[in-house]
Amino acid sequence: MKKAIKEQILFVLEDDNEVMTAALDSDLDEENKEMNRDLIKEHERIIEKVENGEQLTALDLQLIHDANEIHLNDEIDLGQHHKQAVMLDKWLEAQKAKKRPWLDKDGRCLKCGSKVSFADVTDTLVFVGEEIVKRHDGDIANRNCVKCNHPEQYPEYEGYDG
Ligand SMILES: [Zn+2]
């Protein structure tokens, strides 16, 4: 990972965390505060991964993308990070393309043109005894074109390609 990319990732996550931390002291309702706390933790987890040079998952890339968006849309560059945001956006696109080389950027199969795909998601559940106390959303894996790989199931979904 290039130094400039790493710096921008750390910047957007820390910047977003600052905004969300400030919102915890506002009169935001409890449900939203809880969501903020969860997202702050997720961001901290990604920051640690980036600092340790660990592999980022599709979900990590998505969260970085979301945090970067505000700077990407800041075309008059009030936050002075617009140029870096454009660079990070291109990098994120390239990383996602590497993870699913058979799809175009709109999620269309390059071989047959179908937009329908299956994917597996493996969530991690936290059990305390027999009780599930927490669910961590898993990463999307094994995404593949239904028409090319499961033609017998395709008729059921053909309407989506209409
Ligand atoms: Zn296909």
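I began with Arg 37, which is partly exposed at a relative accessible area of 32% (buried means under 20% relative accessible area, exposed over 50%, partly exposed in between, with a 1.4 Å probe and protein chains only). The model is predicted, so I kept in mind that local features need pLDDT of at least 70 and side-chain atom pairs count only at pLDDT 80 or more, while totals for chains, interfaces and linings use all residues. Residues are numbered from 1 along each chain as its sequence is written, and side-chain values use heavy atoms, with hydrogens and water left out.

Next I looked up the partner of Arg 37 and found a salt bridge with Glu 30, the closest N and O atoms being 3.4 Å apart (a salt bridge is a side-chain nitrogen of Lys or Arg within 4 Å of a carboxyl oxygen of Asp or Glu). Searching the whole structure gave nine salt bridges.

Asp 60 forms a salt bridge with Lys 49, where the closest N and O atoms are 2.7 Å apart. Lys 49 lies in helix H2 and Asp 60 in helix H3, so this pair ties together parts eleven residues apart in sequence (helices are DSSP runs of H or I, at least four residues, numbered from the N terminus). Asp 60 also forms a salt bridge with Arg 45, with the closest N and O atoms 3.1 Å apart.

Terms used: Helix = DSSP H or I, 4+ residues; strand = E, 2+ residues; numbered from the N terminus.
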